Amino acid sequence: MKSLTRIYVAILLVTTASLQAADVKTNWEKQCLKCHGADGKGQTKMGRQSGVKDYTDPKVQEEMKDDKAMTIMKEGIVENGKKKMDPYKDKLTDEEMKALIAHMRSFKK
Ligand code: HEC
């Protein structure tokens, strides 16, 4: 019985972990992909229009700082009175935003 409980807990943990991973991907695909692209290169119509950087580029990754990235995700980007990126503070939790930034890190070549 005890070992069964342990197996059950293990399965539960694995399932939760993969659910969280799926959430990040879903969030990325739903909210970010249209500009930043599936591969983080930003080679989409909206990405080119808004001028997103190529997040597979190690230099771009180096210039991206986690705390600044969080602020941008919360507040969005407005340049010369034009909205370039939406604010996500009402749409995503801090945890989800952190996970998305970590996801962006994984694009690095
Ligand atoms: C309407 C287009 C658009 C959408 C949608 C969008 N972004 Fe952006 N994002 C931009 C632009 C433009 C920039 C500024 C140029 C750059 O840094 O690539 C930017 C910058 C960023 C930065 C700042 C990086 C740094 O250098 O500090 C982060 C982080 C980011 N986006 C994450 C996301 C995430 C995560 C999502 C989805 C929840 C998302 N963006 C959705 C257009 C968009």
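This report describes the iron site, the ligand surroundings and selected residues of a predicted model.

**The iron site**

In the predicted model, two side chains coordinate the iron atom of the ligand: His36 through NE2 and Met85 through SD, at 2.0 to 2.1 Å. The site of the iron atom is octahedral, and the angles among its 6 donor atoms run from 85 to 180°. Because His36 belongs to helix H1 (residues 2-36) and Met85 to strand E2 (residues 82-85), the pair ties together parts that are 49 residues apart in sequence. For reference, ideal angles for six octahedral donors are 90 or 180 degrees. Both coordinating residues, His36 and Met85, are buried.

**Surroundings of the ligand**

The ligand is surrounded by 24 residues, and the closest are Cys32, Cys35, His36, Lys53 and Met85.

| Residue | Atom of the residue | Atom of the ligand | Distance |
|---|---|---|---|
| His36 | polar side-chain atom | nitrogen | 2.8 Å |
| Lys53 | backbone N or O atom | oxygen | 2.7 Å |
| Tyr55 | side-chain N or O atom | oxygen | 2.7 Å |

How accessible is His36, in relative terms? Its relative accessibility is 12%, and because buried means under 20%, His36 counts as buried.

Lys41 is placed in the loop between H1 and helix H2 (45-50), and its relative accessibility of 30% makes Lys41 partly exposed. Beyond four places in sequence, Lys41 touches His36, Lys53, Asp54, Tyr55, Thr56 and Lys109. The C-alpha atom of Lys41 is separated by 8.3 Å from that of Phe107, although the two residues are 66 residues apart along the chain.

Val52 is found in the loop between H2 and helix H3 (58-63). With a relative accessible area of 23%, Val52 is partly exposed. Not counting residues up to four places away in sequence, Val52 touches Cys35, His36, Gly42 and Gly47. From C-alpha to C-alpha, Val52 and Lys41 are 8.0 Å apart in space, and they are 11 residues apart in sequence.

Which residues of helix H4 (residues 66-75) are buried? They are Ala69, Met70 and Met73. These three cover an arc of only 100° around the axis, so they lie on the same side of H4. In general, an α-helix has 3.6 residues a turn, so residues three or four places apart point the same way. The buried residues of H4 pack against E2 and helix H5 (94-105).

Just after H4, Gly76 takes a positive phi of about 80°. Asn80 has a positive phi of about 50° although Asn80 is not a glycine. Asn80 is placed in the loop between strand E1 (77-79) and E2, and at 79% relative accessibility it counts as exposed. Lys82, in strand E2, likewise counts as exposed, at 62% relative accessibility.

His103 is located in helix H5 and is buried, with a relative accessible area of 19%. Apart from neighbours within four places in sequence, His103 is in contact with Val24, Lys25 and Trp28.

Ser3, found in helix H1, is partly exposed, with a relative accessible area of 43%. Ser3 and His103 are 100 residues apart in sequence and 35 Å apart in space, C-alpha to C-alpha. Lys82 and Leu4 are 78 residues apart in sequence, and their C-alpha atoms are 58 Å apart in space.

Conventions. Residues numbered from 1 in each chain as written. Predicted model: local features only at pLDDT ≥ 70, side-chain atom pairs only at ≥ 80, totals over all residues. Heavy atoms only, no water. Donors = N, O, S within 2.8 Å, 3.2 Å for Na, K, Ca; no water. Tetrahedral: all angles 85-135°; square planar, octahedral: opposite > 155°, others 65-115°. Helix = DSSP H or I, 4+ residues; strand = E, 2+ residues; numbered from the N terminus. Buried < 20%, exposed > 50% of the residue type's maximum accessible area, 1.4 Å probe, protein only. Arc of directions from axis to C-beta. Contact = heavy atoms within 4.5 Å. Near = heavy atom within 4 Å. Polar contact = N/O pair within 3.5 Å; in protein donor to acceptor, adjacent residues only side chain to side chain.
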